[in-house]
Amino acid sequence: MTKNKEGGGEEGEKKVEVVTVAVDLPIEPKGNSGQPLIPGDLVLYKRRWLMLLLFSLLSMSNAMLWITFSPIATLSQDYYQVGQFWVNAFSMVFMALFVPGAFPAAWLVETKSLRTGIVVGSVLNGVGSLIRFLPWPFWTLESDASSLQIVLFFIPAFLGQSLASSAQLFFLAMPPKVAQNWFGPKERVLATALGAMMNQLGVAIGFVLPPYVANSDYTLVYRVLWIEAAIACLIGVFVIIFFRSSPPSPPSQSALMVSGQRDKKNAEKKRSKEEKKEQKKGGDKKKDEESGENEEDQTNGYPGIQQLASSKADVDISTLSTFSTTLRALRQWDYVILLFSFGITTGAFYAISTLINEILSDLHYKDSDAGILGMTIVVSGIFGGALYGWLGDRVPKLKKYLIWSTVVGSCGSMVWFTFECVENNMTMLVVCCAVMGWFMTGILPIAMDTSVEITFPLAPATISNLLLMSAQIFGIILIVAMTYLLRLGIAPANWSLVAILLVASVLMFFFFPKYRRLDMEQSTKPINS
C-alpha cells in the first residue's frame, strides 16, 4: 500500500513512507519525519490508532450509561419507586433524542470539525453521568424514603440520562468518519468495526457491572452510577486533550478529495470576506486585481482535486446542506433498502437488550442471569463484527453478502431464542444468545461502512446518522410494542420480533449495492510506480 520515497540524496537520510497519486494538495504537509511531502502524497500516521482508541473508549463509556438500568430493572423500580415504563424510559430516551438530534450533530461535525463534535459529546457525556447520581452523596436514600426523596433521586437521574443520550449523537455514527479521516482503504472497514464494536463492549460491561455492584440490594444502585460517572469523566479528559480531527496529510484518495473540496470552500469564503472589506473601503480597483489572481489560484491550486471530483464523483459535497445530503441518499434504492433492513435488525437488538430482564423475570431467572445473557449477545457480536470488518477489507465486494447473512441470521436465531425461552434452560439460552448476538450486533460496522461506500461522496456523518436514526425509530416502536405484548405472554412478544425480522430478510434479496468509493479509488492510478 505504501512505498518509500527518498527525501534527499545524502546517505542515511530518513525516508517517508508515501504513495503518490495524481492529485494536488492546496498546502504542503509534512510526514512523520518532519520532511515536506510532495503535494498529492498519501500518508498513514501511527497515531491513527491512538485517535481510534480515544474515540472508541469514549463511545464505550456512553454505551455503559445507556444500558445501566436494564439488567437491574427490578432494583431500579424499587430504588426510584417508579413503574416498569419509566425504567424502560431510561433506555428509550437514548433512541427518542437521537431522532431529532442526529441532523444537528451531523451538521456540527461536517461544518466545523470532527474534533468539535467529539469534544461537545465528551462534555455532555461526563456532565450527564455526574448529574445521574445527584443528590448523592449529599442525601442518602433510606429504606423508608419519602416521596420527596424519590422525586429528588429520579428526576436528576432522568435528566442526566437525557444529557448522556445527547452525547451519543456525536459517537454512535462517527466510526466511518474517523476511519475515513485517519485510515487507508485497506483498513477502513476494520477501523469502523473496532470503533463500532467498542460501543458494544460498553453495552457488555453495562450488562455485567450493575448487577455485580448492586448485588441484589436496591439501596446500592447509586454505587453503579458513580462508578460509571468516574469512567466517563476520566476518558472525556483524555479525549479533550489529545483527540484530533484528521492528520496533516490524508490517508486515501477519497479523503484527499473530500478535504480538498472543504479547503476550497473555506478559501472561497475567506476571499469573499476580503472582497467585501475592500468594497467597504472603496478599493474597487484592488478588488478587481485580486479577483483575477484568485481565479488563477482556483485553477492552479486544486487541479487534481477538481479533476478527481468531476470525473469520479457526481457532486461537490462542500456545496450540500445536511438536508440536501439526506434527499440525495434517499433517492438511492440500495441505500433505502439498507436503511430499513439495518434499522429493523438493530432495532430488534435494542428491544432485546432493553427487555431481557423482563422477559426472563417471568421465567424466574435472576437479574444476574439477564446480565450474563445480555453480555453474551454483545460479546459474541463484537467478535462477529470484527470478523466481518476483516473480511470486508480483504474482499470489499463481499460486503453485500456479509450484510445479507447478518439480517437472515438474526431472523433465524430469533426463532431459536423463542423456542428456548423456558424455565431452567440457562445453558441453551447462553448458546442461543451467542448466535443471535453474532448476527444482530455484527451487522453494525459492515452496514455503516457500506452505507458510506454506496453513497460516496456524501458526508459520512450524515449518512451514518440517518442509518442509525432508522435503528432508533424501530427500536422505540419495538420496545413499546413488546412491553405491551409481554403482558400477554413471552411468546407473542418474541414472535412479533420474528415477523419484523422476516420483513428485513426479504428486503435483502433486492439489495444490489454499487461500490462508488471503491470504484473511484481503484480507477485513479498513481502517477509513479
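Visitor: How do the residues of the lining of the largest cavity divide into nonpolar, polar and charged?

Guide: Keep in mind that this is a predicted model. As a general idea, rolling a probe the size of a water molecule over the atoms shows where empty space is left. Here the lining of the largest cavity has 10 nonpolar residues and 7 polar ones, with no charged residue.

Visitor: What volume does the largest cavity have?

Guide: It comes out at about 170 Å³. The lining takes in 17 residues, and those closest to the centre of the cavity are Trp 66, Leu 172, Asn 199, Gln 200 and Tyr 350. Helix 1, helix 3 (84-111), helix 7 (188-214) and helix 13 (333-361) are the elements that each give two or more residues to this lining.

Visitor: How many cavities of 30 Å³ or more does a search of the whole structure find?

Guide: The search turns up 2. Helix 3 provides the largest share, 4 residues. By class, you get 5 nonpolar and 4 polar residues, and again no charged ones.

Visitor: Now the packing. At what angle do the axes of helix 1 and helix 4 cross?

Guide: For a helix pair, look at the distance, the angle and the hand of the crossing. The axes of helix 1 (residues 48-67) and helix 4 (residues 114-132) cross at roughly 35 degrees and come within 11 Å. The crossing is left-handed.

Visitor: Which residues make that contact?

Guide: From helix 1, pick out Phe 55, Leu 58, Ser 61, Asn 62 and Leu 65. Helix 4 answers with Ile 118, Ser 122, Asn 125, Ser 129 and Arg 132. Sorted by class, the contact has 4 nonpolar residues, 5 polar and 1 charged.

Visitor: Where is confidence lowest and where is it highest?

Guide: Helix 4 has the highest confidence, at 94, while strand 2 (residues 15-20) has the lowest, at a mean of 40. Across the protein the average pLDDT is 78, and 76% of the residues score at least 70. Over residues 1-39 the pLDDT is below 50, though this stretch has 96 contacts in the model beyond near neighbours in sequence. Residues 287-313 also stay under 50, and there the model has 43 contacts beyond four places in sequence.

Note on methods:
Residues numbered from 1 in each chain as written. Predicted model: local features only at pLDDT ≥ 70, side-chain atom pairs only at ≥ 80, totals over all residues. Heavy atoms only, no water. Axes fitted to C-alpha atoms, helices over the stretch in contact; angles between N-to-C directions. Left-handed = near helix turned anticlockwise from the far one by under 90°. Contact = heavy atoms within 4.5 Å. Nonpolar A, V, L, I, M, F, W, Y, C, P; charged D, E, K, R; others polar. 1 Å grid on protein atoms, 1.4 Å probe; cavity = no way out; pocket = protein on both sides within 12 Å on 5 of 7 lines; lining within 4 Å. Points joined across faces, edges and corners; volume = space filled by probe spheres on them. pLDDT = per-residue confidence, 0-100.
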